[in-house]
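Have a look at the model first, then read on.

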Amino acid sequence: MIKDLVPFVHFYDQDFVDMYDRSWVWIDELWKSGTKENGFEGEYLSYPGQATFNQFSSCFSTLFLVYSNQNNSPFPSLDYFYKKQEDNGAIRGEYSVENGKPVLTADNPEGVFPPLFSYMEFQFYHKVGNKKRLKEIMPVLEKHYAWLVQKFQKPNGLFSVPVSACQTGNIRREGAVYPVDFNAIVALHVLYLSAIGDILNDKEISFKYKRIYFGLKTRINSMMWDPESKFYYDLDANEKRLGVKHIGAFWVLLSEVPNEERADDLIATLKDPKEFGTENPFPGVPVSSPDFREDGDGLNGGVSTIFTYMVVKGLEKYHEFVFARECAIRHMYFLLDTLHPDAETMGDVWEVYLPNKEGYSTCKGLPGFPKRRFMPSTGLVSITMMIEDIIGLDISLPRKTVNWVMPSLEAMGIERLSLKRNMITILSNKTDRGWEIRLESEKLYYFTIEILDEQKKKTLPIPSGKCSMLIDKL
């Protein structure tokens, strides 16, 4: 059974552990093989009623598949899109499951989607450690970026794409010609292209994309930031800020666009219950918006796990670990409450949830919304955020490091996690001797423990075999 092949997690709330285990079972059940007709070589994660391969959700699904101990490979999810690259560098956002042809629409005739490939490949590298892969895919990513520049970058340096390309559903963004989220994601993409250049020890690539990143970051800051309302906005055709707040603006945190002062203003908006700080964080539009709906109405109040993940990771960039973890835990409870509405009934997991009570967002105007058992989003909270934010582990295979940030001492950890060919176990428990961390490993690695409440931080080499450390002695 798949549960025996993937890492075990330990957490003081057993419901969280059950949700993690159940997610791997669902992933295994939804695993499909490609066909000769669609040209998908290998296997992939599907969902009920899937009609297209969607670049956006495929990218996000890789962020939990990297934790499968290589039992469910994350690579085909992106390789499929790389193999579809056209001579001009184009990679379309959606392809038909039936025949593998691009799915182009009247409002997005080029099928452009936000470029997330380099961010995902960087995460792969640190979880799976395959440098050869980065060397092989770099020409594909460079060619794709050149296509984005040629087709969508305007003389002002910003990118202009249809709003539907940004994947924000039915959020009203009339008049948006330069979307803040798409530009922030391009900034993220070139930032990580530069980071991949560093890994490959290619100074030319590293410098080239770093320079592009700083240029784009400067334009977003000078043109899209509004000093009065202290928020980033889409621009219209005349480069005027549109003044409509939406979840997409927070991509700037993950892209490290704002300085500390502006980031503090954005984070205050995320904490404010009259803005994005709903019980289930964070809705598609703020509570103050005339479009906000308690019943979700798509993303007009609906909370998407994908966007919650994006905000949580952005918060971490600005050292808001405690708030980020609290948001991940709160969102997980909404998943659980919707899955188990009461003792008698069994619910399900969904693509988008309600902002202030259990249940999923609905919208009559969006056919097929919300998707049921849509694991590309569910797995982000039940697996990725469970390991990285709720338990608090940051793992890098190439560096041979595991960092554990704990807000306070709690009984939790992970067992049988594969660091390539090295199975490791890290568990914290209270014993007669006080709080103890038990470690087990087949090879040497470096372990950093940081307990925020107690202001303790220590890095130690962990030898092969079993060992333990007492927190009081740190």
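Predicted model: local features only at pLDDT ≥ 70, side-chain atom pairs only at ≥ 80, totals over all residues.

1. Phe56 belongs to helix H2 (residues 55–65) and Phe307 to helix H10 (residues 305–317), so the pair ties together parts 251 residues apart in sequence.

2. Another pair to look up is Phe231 with Tyr233. Their ring centres are 5.5 Å apart and the planes are at 50 degrees, so this pair is tilted. Phe231 is buried, and Tyr233 is buried too.

3. While you're on aromatics, find the cluster formed by Phe40, Tyr44, Phe53, Tyr80, Phe81 and Tyr95.

4. Now for helix packing. Helix H1 (residues 14–29) packs on helix H11 (residues 321–339) at an angle of about 70 degrees, and the axes are 11 Å apart. Angles of 65 to 115 degrees count as roughly perpendicular, so that is the label for H1 against H11. The crossing of H1 and H11 is left-handed.

5. Who makes that contact? On the H1 side you'll find Asp15, Phe16, Met19, Arg22 and Trp26, and on the H11 side Ile329, Met332, Tyr333, Leu335, Leu336 and Leu339. Sorted by type, the residues of this H1–H11 contact come to nine nonpolar, two charged and no polar.

Note on methods: Residues numbered from 1 in each chain as written. Heavy atoms only, no water. Axes fitted to C-alpha atoms, helices over the stretch in contact; angles between N-to-C directions. Helix = DSSP H or I, 4+ residues; strand = E, 2+ residues; numbered from the N terminus. Parallel < 35°, antiparallel > 145°, perpendicular 65-115°, else oblique. Left-handed = near helix turned anticlockwise from the far one by under 90°. Contact = heavy atoms within 4.5 Å. Nonpolar A, V, L, I, M, F, W, Y, C, P; charged D, E, K, R; others polar. Phe/Tyr/Trp six-rings, centres within 6.5 Å; stacked < 30°, edge-to-face > 60°. Buried < 20%, exposed > 50% of the residue type's maximum accessible area, 1.4 Å probe, protein only.
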